[in-house]
Amino acid sequence: MVAAVLFVPALLAPDTAHAQASMVGGPRRIVLAPATLDVALRELARQGGITVVTTDARLRGVRTPALSTRAKPARALAQLLRGTGYRAVAIDDTSFRVVPAPRKAPPPPRRIPARAAAPAPSGNAQDIIVTASKQGTELARYPGSVSVVGRGVALPNGSIDLSDVAGQTPILQTTALGPGRNKLFIRGIADSSFNGATESTASLYLDEVQIAFAGPDPGLKLYDIGEVEIAEGPQGALHGSGAIGGIIRLTSNPVSLDRDGGHVEWGGALTGQGSPSNDLAVVANKVLVPGTLGVRLVGYHVVDGGYIDNVRTATNDINRVLTSGLRGTLRWDVGDGWHMELGGGAQSIVARDAQYVLNEDVLVSRAAMAQPSWSDMRFGRLVLSKNWASGLQFVSATGYVRSSAFEEFDASVLGAQQSYQLDGEKTLFSHESRLSRRLSGGGSWVVGLNLISDQSVMARSLTRRQGVRPVIGVTNLTRSGAVFAEATHPLTDRLWVTLGGRVTAARVDGEPSIRPRASSFVRGRSTVRVDPTVGLSWQLGGDWTLFGRYQSGFRTGGLAVAAGVGRVANFESDSIHMVEAGIRHLRRTETGLSASVSLSRARWTAIQADLLNRAGQPVTSNIGDARITALEGWADWVPRRDWHLTGAVFLTDNEVMGSTAALSRARNRRLPETPSVSARLGVVRDVHVGPRWILSGKAEAAFVGPSVLGVGDFFDARQGGYGVANLGLTARSGRYALAATLDNLLDERGNRFAYGNPFLLARRNVSTPVRPRTVGLRFSADF
């Protein structure tokens, strides 16, 4: 479902002069500076004390002039929308919906070119609605840290996935095994570098529906995705098990019920010492019944050119990856506030070979055979919603995801021509129904029910000249039901408190694949869990807010391959508790500063981790406890309309305690994939060329500090410690854009990931290099 964007009255009390004007001289004067339409609507709602609802993401591309009027808010809203191509529909006396005007209305809006992508950390030039709160909470009073890429600063163009978004914000970390195989971590809550039986530490949602439960990020290409919202820290109260690091929500661009249209883009790139890359994507929106029924489709095909040569097999550019996908959404506005969305899609990723080398300075592999991989994902979703004029909203979201994956590794260290295969299948069913309401005084609440069923199958085999020999694998079936509630209430005009909690009942059952159970085997276990949360936000004035929050989360246990040959064992559920405090400033106009700084402290017990034994076999166990301290900050500054500067830094200090960690060197007793420092800087400069063209120049730089591969002496391998610089130039005119990019300007060969083959870990020399210097060209057009 595409959640409506709400522009609501300000939470701060009006100043004395304005209050007196309202009582003595009639309606208070509304004064709006020139801005984009989304900014102007929010400011009008704040000054006029009304609520404005819209589902149209194109508002940010419409310019509005200055407005000064003593008219009533409804009349002022009509004046603001005059000539924009939009109109207001009254819901009640103080609530309005903004929709596109009929075709015979005034001329279509004058659009401003979208700003070229800058390396945004998490900042947002405007106040936004935090959809992860499920209450439509304004970021200005949300008692926690949220990173948003896609508002204020756009998502990067082209064939990107969440691993690329991690390059836009240091709060998100990722492994680098390959597309569809990478694990994602938020704010340093990382369990292991390897894929296995455990739940993810970060839950992934596409709009209202969860699309990943256990295993790696599916690598969904983000074409036609409007924004990526990252809610940081444990989210057990609202999102249940698996969200111990946070949640990632992908918000699709909405289906338009008033205008046909679409978008097409093509990109090509040349990589030094590698083969060309290219991608093509088409988006089409068709109105079937004006104002009532419409469909939106997106299709794409991507070729990521390889840049590693295998000198042993005399094969060049072996790490080429092909990705194809199709998504679609049918939207039906039934009437009387009811809406329905039926959507689904599929994506396939095929990797020709692995992307690791044995020396990061030489892009060469010496594997005895190709090591291909593939993954397929199919999903469907049904979302029903109802909005009442009182602010009450009902949402029912049902999702189904089925995925399969295959990986092959060179196992010639075990004998000539031997290979090792992993086959996995996952089936996820989820349902959530909830009621929420935004109250006239600014408070809000949500209450809901959630059901999850996830089946994960892992099969393993070793191929020899004599044939295929199966190796023990496991199947886990997780079923859970939960009720949750959260409410935000103003204690004073400036102090807000948030209280909530979730009660979860879960059952996990597991079976080994090819061996009979041992007498000590426990097939399954049941868990009842309570996760509370409490938060405070205090508005200091001048758009500054202090916030603090306590949150908790957990992951269910399960059955996994254990250390030894032909063994399985149960691993226990883990738990995390976190407190954080911070200060945030949001700008309310086109220019100015948005910034945030926060400090968090977490305690993680009985950490579940997918590991590898010394024979290269995957195992899962509880490796101990950890304490995590994190300091993060970001700034998003627009000193003038044609300048945009961004910066972000993430610092973390963590320590893992337990018998496994004690085997590592003291300085490496850390969680994996968590650099002690990461930072990004960027600048965008717009230049108007004539009456129609705008040139946007972009420069960005990032540093990723050193990290370790995993916990324990066997994984005590260093990685990271490199920097990357990128340049870009975009020319825009009306519906058309042409962009040129230069990525990895200095041709950095840093080691992104010290893993590529489970049978080579003992050598300590595996490296996954940064893609060499790449020159790209991209064309896009709206229609």
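Modeller: Start with Asn285. Neighbours within four places in sequence aside, Asn285 is in contact with Pro254, Val255, Ser256, Arg259, Asp260, Gly261, Gly262, Val295 and Arg296. Keep in mind that this is a predicted model.

Colleague: Why is Asn285 called buried?

Modeller: Buried means under 20% relative accessible area. Asn285 has 6%, so Asn285 counts as buried. The residue sits in strand E19, residues 277-289.

Colleague: What makes the pair of the Asn285 side chain and the backbone oxygen of Arg259 a polar contact?

Modeller: The distance is 3.4 Å.

Colleague: Now Ser193. Is Ser193 buried or exposed?

Modeller: Its relative accessibility is 4%, so Ser193 counts as buried. Ser193 lies in the loop between strand E13 (184-186) and E14.

Colleague: Which polar atoms does the side chain of Ser193 reach?

Modeller: The side chain of Glu673 makes a polar contact with the Ser193 side chain at 2.6 Å. The backbone oxygen of Leu709 lies 2.5 Å from a polar atom of that Ser193 side chain.

Colleague: What else does Ser193 touch?

Modeller: Leave out residues up to four places away in sequence. Ser193 then touches Thr175, Lys183, Pro672, Glu673, Leu709 and Phe753. Take Lys183 from that list. Ser193 and Lys183 are 10 residues apart along the chain, and their C-alpha atoms are separated by 7.3 Å.

Colleague: Why call H2 largely enclosed?

Modeller: Count its buried residues. There are 11 of 12, so H2 is largely enclosed by the rest of the structure. Among them are Leu37, Asp38, Arg42 and Gly48. After H2 comes Gly49, with a positive phi near 70°.

Colleague: What makes strand E15 enclosed?

Modeller: Six of the six residues of E15, residues 209-214, are buried, so E15 is largely enclosed by the rest of the structure.

Colleague: How do you know that strand E14 pairs with E15?

Modeller: Pairing needs at least two bridges. E14 (residues 199-206) and E15 are joined by four, and the two strands run antiparallel. One example is Glu199, whose bridge partner in E15 is Ala214. Two residues lie between the strands of this hairpin, and Asp207 takes a positive phi near 55° there.

Colleague: What makes Asp336 and Asp747 worth a look?

Modeller: Their phi values. Asp336 has a positive phi of about 60° although it is not a glycine. For Asp747, also a residue other than glycine, phi is near 55°.

Colleague: Why is Asp336 called exposed, and why is Asp747 called partly exposed?

Modeller: Asp336 has 65%, so Asp336 counts as exposed. Asp747 has 22%, so Asp747 counts as partly exposed. Asp336 is in the loop between strand E22 (321-335) and E23. Asp747 is in the loop between strand E46 (736-743) and strand E47 (774-782).

Colleague: What lines the second largest cavity?

Modeller: Its lining has 41 residues, and Gly215, Pro216, Ser403, Ala405 and Lys426 lie nearest its centre. Elements that give two or more residues to this lining include E15, strand E26 (392-410) and strand E27 (419-438). The cavity has a volume of about 670 Å³.

Colleague: And how many helices and strands are in the protein chain?

Modeller: Five helices and 47 strands. Of its 783 residues, 57% count as buried. Among contacts with a separation of 6 or more, 67% join residues 24 or more positions apart.

How values were computed. Residues are numbered from 1 along each chain as its sequence is written. This is a predicted model: local features need pLDDT of at least 70, side-chain atom pairs count only at pLDDT 80 or more; totals for chains, interfaces and linings use all residues. Side-chain values use heavy atoms; hydrogens and water are left out. Buried means under 20% relative accessible area, exposed over 50%, partly exposed in between (1.4 Å probe, protein chains only). A polar contact is a pair of N or O atoms within 3.5 Å; within protein, one must be able to donate a hydrogen and the other to accept it, and residues adjacent in sequence count only if both atoms are side-chain atoms. Contact means heavy atoms within 4.5 Å. On a 1 Å grid over the protein atoms alone, a cavity is a set of points where a 1.4 Å probe fits but cannot get out, and a pocket is an open set with protein on both sides within 12 Å along at least five of seven lines; lining residues have an atom within 4 Å of a point. Grid points are joined across faces, edges and corners, and a volume is the space filled by probe spheres set on the points.
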